[in-house]
Amino acid sequence: MALDAFFSGIELVFAWPTIGLVFFGVLLGIIIGSIPGVGAPIGMAMLLPLTVGMEPHNAIIFLIGIYSGGMYGGSIASILINAPGDAGNAATTLDGYPLTKAGRAKDALAISATASALMGFLGALVVIVLTPVLIPIVRSFGSPEYFLVAVLGIALITVVTKGAPIKGIVAGAFGFMISTVGLAIMTPTPRFTFDQMGLYDGIDFIAILIGLFAVAEMIKLSQQQQIAGSNVTVTGNIKTGVKSVIDHPVLTTKSGLLGLFIGMIPGAGATTSTFVSYAEAVRTYTDGKFGDGDLRGVIATESANNPTVSGSLVPTIAFGIPGSGSTAVLLGGLILHGLRPGPDMFASQLHVTYSFFIAIFIGNLLILAVGLLLITRFSLITQIDSSIIIPIVIVLSVLGAFTLNRNWFDVAAILAFGIMGYYMVRHNYSIIAFILGAVLGPIAEENLFRSLQLEDNWLIFVTRPLSLLLVILTLLVLLGPILKEYLHSAEEDGDEAMDQNLSEE
Amino acid sequence: MIGNTDSEDMLVFMMLMVGSIFLLIPWVENYATEAALFPQLMGGIVVVGSALILLGDRLPGPLEMLVNTDVNITDSSGEYDKEANASEEIRNASEKQTLADEFGVSISSKAFTILLTSAFILSGYVVGLLFVAPLFVVLYTLWFKQSLRIALLVGVISLLFVFLFMELANIPFDQGEILNRGGI
């Protein structure tokens, strides 16, 4: 069955216009990703409303193309002007920019294209091979488990992002809460609409996504000094860059696999995977000049970022838990187009799921070709001033928000959530947890109700083995690090008291 | 200028207020149990969580840790992260040059962006986004001391985007909700 679905997936991807959308998405992603201050999530959020008329698989493949291309494109701005297009590319600046300063920008860009593409292939391949293993796991989940997985997802996100866990919990619950505006799911009761017709359909989660990613980021960008590079000289040698990747197969593969598996952890996106891979490279090669333009530093981070795309799609598609900002937007895209994360994506829609990974596979070919052939042209994109980018992004965001439902509440929502998102990021409140709540709210509420209908009491969440396991995992994730910290400080207090007693004696 | 602590307190207080609304309205308006349970459950978590954050250091031992302990298990915020953030800090250190300097007006770029965006949305609602989008873009770029030629070019690009949306999504962006209701 999995093999049939795989071949159907290949047919889907190579049909027209799907294959065109793969290429268009990747190209667009590279361009958007390389604009300083704009990353894949912003581009995806702005363009999401325009996918409404597309076939579901075409829309998602287009978005995945942007995601994949954006991941590579972000490294261009990191290497050339020390301004990552996205947080996931921040680690590339550490050695990429010193290489540019040393006149080896072409080497670094060639490493980026080669390592991203090769490991992108590997990531997609591993996930395609692993999919049959995932099928029985995903199908064993029922309503109680899916509700608990949403809760576990938020718990995981709170501990992989900065800040105290309570902030993540509040952000996630706030998102769930906002998703309840409009007609109730189980009964036709209008909730929190204040007799406004425009609120009967609720606040569109796409508007929330646009606000939290695009508008919030533009407010932040407006405060920063000019980050575009006005005087970038792209010199160096492409062949040396490609060769250095081929000469380091262990580092490349290890970083790629790290990127893939870290990407699979809900909440841990490319930011985590690239920094972990970089740290691992620093630990392994003690003779390195990391931070001063070591090619291996760029290999480590660039090998890790593109496989993270494939890895982070696994929890997104299987359980609806996004691994990063981009996958949070992608999750919104899946739901917008009626593709509900969970068992269906691994049963009747398995061919569609395969088509996503095959599209990543194909997209990486384009990354390699474009990356190596057009390297010297990219410096032009990085020179766009942020005061030109900001109004254009805001106009596109407003147009996109109104296009969703022709509802001015959605337009107002992008501004309100944009301002809120700006302050949330500033004070370490996870916007991914917020988005997860807002996007998965209706599904979580429905699953909560179905679960309670099954047994009519809350014990259903602890009487089924899988549910109980998820409850324990959630508690461990949330309370484990705090208990550890508490016990550690108690131990230190005890030691201090003992020392004091001894000195008194 | 709102300081860091104050703006966080305001954010949390806003969450607390909104959470209270979601907690109380289902009781006040007598929602059916099916409709009330989930928003009240989430509203309750938001209210309790926000209250704990606001109380912060005044909480006893384990509760205080829940609020103040950073438990980032994938702690990549070592020296590398600090280095990567350094360039951003440098960029944040000083504000952009704007027309405010010439007019002697004291307004931050952030406040200007929020105010002009609000005015753009409001005027778009009144007369239609087609007319105000290029104006917004031109004003914004001129404020940040771009040349008139660039400002006009970006204004034309924004106009093209509006036409693209009108064409692809068939949205009447030439119509306002209060004035110009018939469009052009």
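## Report on chains A and B

Along its sequence, chain B runs in the order α-α-α-α-α-α-α-α. It holds eight helices and zero strands, where helices (H or I, at least four residues) and strands (E, at least two) are DSSP runs numbered from the N terminus. The model is predicted: local features need pLDDT of at least 70, side-chain atom pairs count only at pLDDT 80 or more, and totals for chains, interfaces and linings use all residues. Residues are numbered from 1 along each chain as its sequence is written, while chains are lettered from A and ligands numbered from 1 in the order in which they are written.

### The two chains

The secondary structure of chain A amounts to 20 helices and two strands. Chain A has a radius of gyration of 23 Å, close to the 23 Å given by the globule rule for 505 residues, so it is as compact as a globular protein of that length. The radius is taken over C-alpha atoms, and the rule is 2.2 Å times the number of residues to the power 0.38. Along the principal axes, the C-alpha atoms of chain A fill a box of roughly 80 × 70 × 50 Å.

The table lists burial and contacts for each chain. A residue is buried if 20 or more other C-beta atoms lie within 10 Å of its own, exposed if 12 or fewer, and partly exposed in between, with C-beta atoms placed from the backbone. Two residues are in contact if their C-beta atoms, placed from the backbone, lie within 7 Å.

### Within chain A

Helix H13 (residues 295–319) and helix H14 (residues 325–336) of chain A pack at an angle of about 40°, and their axes are 10 Å apart. Axes are lines fitted to C-alpha atoms, for helices over the stretch in contact, and angles run from 0 to 180 degrees between N-to-C directions. H13(A) is therefore oblique to H14(A); angles under 35 degrees count as roughly parallel, over 145 as roughly antiparallel, 65 to 115 as roughly perpendicular and the rest as oblique. Ser312(A), Leu313(A) and Thr316(A) of H13(A) make the contact with Thr327(A), Leu330(A) and Leu331(A) of H14(A).

Ser112(A) belongs to helix H6 (residues 105–139) of chain A. With 32 other C-beta atoms within 10 Å, Ser112(A) is buried. Beyond residues up to four places away in sequence, Ser112(A) touches Tyr72(A), Ser75(A), Ile79(A), Val298(A), Glu302(A) and Gly371(A). Its C-alpha atom is separated by 9.1 Å from that of Leu368(A), 256 residues away along the chain.

### Chain B and its interface

Chain B is divided into domain 1 (4–68) and domain 2 (99–169), with bounds from an automatic or database domain assignment. The C-alpha centres of these domains of chain B lie 37 Å apart.

Leu99(B) lies in helix H5 (residues 99–103) of chain B. This residue is partly exposed, with 14 other C-beta atoms within 10 Å. Apart from neighbours within four places in sequence, Leu99(B) is in contact with Trp143(B) and Lys145(B). Leu142(B), 43 residues from Leu99(B) in sequence, is 7.8 Å away, C-alpha to C-alpha.

Between the chains, 70 residues of chain B are in contact with 72 residues of chain A. H2(B) provides the largest share of the side of chain B that touches chain A, namely 12 residues.
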